[in-house]
Amino acid sequence: MGRLLSLAHRVALTAVRCSQGCCGLGMFYAVRRGRKTGVFLTWNECRAQVDRFPAARFKKFATEDEAWAFVRNSASPDGSEGQKNKHVQESQTKTSKRPREPLDKDEEDSAEPCAKHLRQGAESAPSVSKDAFSYMGDSVVVYTDGCCSSNGRRRARAGIGVYWGPGHPLNVGIRLPGRQTNQRAEIHAACKAIEQAKAQNINKLVLYTDSMFTINGITNWVQGWKKNGWRTSTGKEVINKEDFMALEKLTQDMNIQWMHIPGHSGFRGNEEADRLAREGAKQSAD
């Protein structure tokens, strides 16, 4: 059945191309990351999926097989390619620029340029040059993570990690204060990143986290909880009420794109944030 569907899809694509008067000469536009992923026949269709989409990835190919191979080859949100087909490079949009049609030749634009190595500044809140951060469009990129050993047990130890880039002075790994749980650590890692951003007068962030609980909480559930007096739809009090209240307050005057990243999948930003969180968990509690 799969082969029949694939054949039918190819026939349909060919029919459309021929109806456009370009049979044999048309190009296939592959979108690996965008509003919709897949293979498109025209640049206008492709552009609709990638225009102003954070870290969109797309490329033009002469054959459908090459286009689909590009779509299936996963790429890291921090700009590094997957292990397969490393020779394939693609165009990438930034949120501040309108995407142009990809060239026939390979081209590459990294989503996360390496941050510069800076000397450690003041211990509390060092002032950091704007060009020391990694950007996605005009938003600063940051990775956060929380961890908790023996989660849910008496001797649980939780830590939070915030990673801004290689050798960055704002990178931090600290022990989570208060109740030691993994979910609280994830929430407070995001809080810490936003606090640091505000101290640097940064109000636009792309925040990567592997916690869908944190993302869903702040982007979907919080408004309903507030309307219900910080109770769930079943009438129970929100377990992490104070934590989400703190996070929601911090986001009030911020423009934040919440981005999910798979944990422990080899993505450098996430791995570094995880390392910092584990280092923080080893510290003594306040």
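This is a predicted model: local features need pLDDT of at least 70, side-chain atom pairs count only at pLDDT 80 or more; totals for chains, interfaces and linings use all residues.
Let me start with the strands. Helices (H or I, at least four residues) and strands (E, at least two) are taken as DSSP runs, numbered from the N terminus. Strand β1, residues 28–33, runs antiparallel to strand β2, residues 38–40, and three bridges join them, while two strands are said to pair if DSSP finds at least two bridges between them. A hairpin of four residues connects β1 to β2. β1 also pairs with strand β3, residues 57–61, in the antiparallel sense over five bridges, and there F28 has F61 as its bridge partner. Six of the six residues of β1 are buried, so this strand is largely enclosed by the rest of the structure; buried means under 20% relative accessible area, exposed over 50%, and partly exposed in between, with a 1.4 Å probe and protein chains only.

Next comes Q49, which lies in helix α2, residues 43–50. Q49 counts as buried because its relative accessibility is 12%. A polar atom of the Q49 side chain lies 3.3 Å from the backbone nitrogen of K36, and the side chain of Q49 also reaches the backbone oxygen of E45 at 3.4 Å. These are polar contacts, that is, pairs of N or O atoms within 3.5 Å, where within protein one must be able to donate a hydrogen and the other to accept it, and residues adjacent in sequence count only if both atoms are side-chain atoms. Leaving aside neighbours within four places in sequence, Q49 is in contact (heavy atoms within 4.5 Å) with V31, G34, R35, K36 and F40.

Finally, two charged side chains deserve a mention. The charged end of R32 sits over the ring of F70, 4.2 Å from its centre, and the charged end of K59 sits over the ring of F61, 4.5 Å from its centre. For this, NZ of Lys or CZ of Arg must be within 6 Å of the ring centre and within 35 degrees of the ring normal.

Technical notes
Residues are numbered from 1 along each chain as its sequence is written. Side-chain values use heavy atoms; hydrogens and water are left out.
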